[in-house]
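Visitor: Hi, I'd like to talk through this one with you. Can you put it up on the screen?
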Amino acid sequence: MPASRSARQRKASAEAGELAVVRIDVSPDDSYAYTISCTQCEVPRPGTGTRAWSTRRSGEDNGYMAAMDRWILHLTAKHPDAEAPCLQYLPEARARLQERRDAKG
Ligand SMILES: [Zn+2]
């Protein structure tokens with residue numbers, strides 16, 4: 001049995017830092033989906049009002065990494081003064097995003 005969902009969620013929350021709310025749910029294909037929302041930022045929602053900024057990626061470790069990469073870049077762009085353990089992965093996050101962009105062509 002791999003790490004439980006709640007254990008993963010605790011670990012992800014700790015790494016994402018105080019501005020983040022991390023939620024893990026189970027996708028229709030039975031894999032985990034990671035949602036990281038920002039407690040500070042709101043984006044317009046079509047129709048009425050606003051919703052919290054969030055990113056959602058599915059797929060166990062890949063989903064975790066992809067969601068965290070997006071979160072790291074959100075932090076550096078919008079909250080440059082914020083402290084979070086995940087910021088130590090910034091160089092890797094940037095490199096992975098670059099790779100994905102290159103792969104798309
Ligand atoms: Zn934010």
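Guide: A word on size terms to begin with: the radius of gyration is taken over C-alpha atoms, and the globule rule is 2.2 Å times the number of residues to the power 0.38. This is a predicted model, where local features need pLDDT of at least 70 and side-chain atom pairs count only at pLDDT 80 or more, while totals for chains, interfaces and linings use all residues. Residues are numbered from 1 along each chain as its sequence is written, and side-chain values use heavy atoms, with hydrogens and water left out.

Visitor: OK, so what radius of gyration does the protein have?
Guide: The protein has 14 Å, which agrees with the value near 13 Å that a compact globule of 105 residues would have. Along its principal axes, the C-alpha trace spans about 40 × 35 × 30 Å.

Visitor: And how many helices and strands are there?
Guide: There are 3 helices and 3 strands. Helices (H or I, at least four residues) and strands (E, at least two) are DSSP runs, numbered from the N terminus. From that end, the order is α-β-β-β-α-α.

Visitor: What share of the residues is buried?
Guide: Buried residues make up 35% of the 105. Buried means under 20% relative accessible area, exposed means over 50%, and partly exposed is in between, with a 1.4 Å probe and protein chains only.

Visitor: Switching to charges: how many salt bridges does the structure hold?
Guide: It holds 4 salt bridges. The criterion is a side-chain nitrogen of Lys or Arg within 4 Å of a carboxyl oxygen of Asp or Glu. As background, side chains of opposite charge can pair when their charged atoms come close.

Visitor: Which side chain does D69 meet at 2.8 Å?
Guide: That's R96, in a salt bridge with 2.8 Å from N to O. The pair links distant parts of the chain, with D69 in helix 2 (residues 60-78) and R96 in helix 3, 27 residues apart. D69 also meets R100 in a salt bridge, at 3.3 Å from N to O. Here too distant parts of the chain are linked, since R100 is in helix 3 and D69 in helix 2, 31 residues apart.

Visitor: Is D69 buried or exposed?
Guide: D69 is buried, because its relative accessible area is 1%. R96 is partly exposed, with 21%, and R100 counts as partly exposed at 36%.

Visitor: What about R23, which residue does it form a salt bridge with?
Guide: R23 pairs with D25, and the closest N and O atoms are 3.4 Å apart. R23, D25 and R56 are linked in a network of salt bridges. R23 counts as partly exposed because its relative accessibility is 45%, whereas D25 counts as buried at 18%.

Visitor: Which residues gather in the patch of positive charge?
Guide: R57, R70, R101 and K104 gather there, on the surface. Lys and Arg count as positive and Asp and Glu as negative, with His and the chain ends not counted. Patch members have over 30% relative accessible area and no salt bridge; like charges are joined within 9 Å, and nonpolar side chains (Val, Leu, Ile, Met, Phe, Trp, Tyr) within 5 Å.

Visitor: Where is R101?
Guide: R101 sits in helix 3 (residues 90-104). R101 is exposed, because its relative accessible area is 53%.

Visitor: Last topic, the backbone. What is the phi of D30?
Guide: D30 has a positive phi of about 75°, although it is not a glycine. Most residues other than glycine have a negative phi. D30 lies in the loop between strand 1 (20-26) and strand 2, and it counts as exposed, because its relative accessibility is 63%.

How values were computed: Areas by Shrake-Rupley, 256 points an atom, 1.4 Å probe, with all protein chains shown as cover. Charge placed at Lys NZ, Arg CZ, Asp CG, Glu CD.
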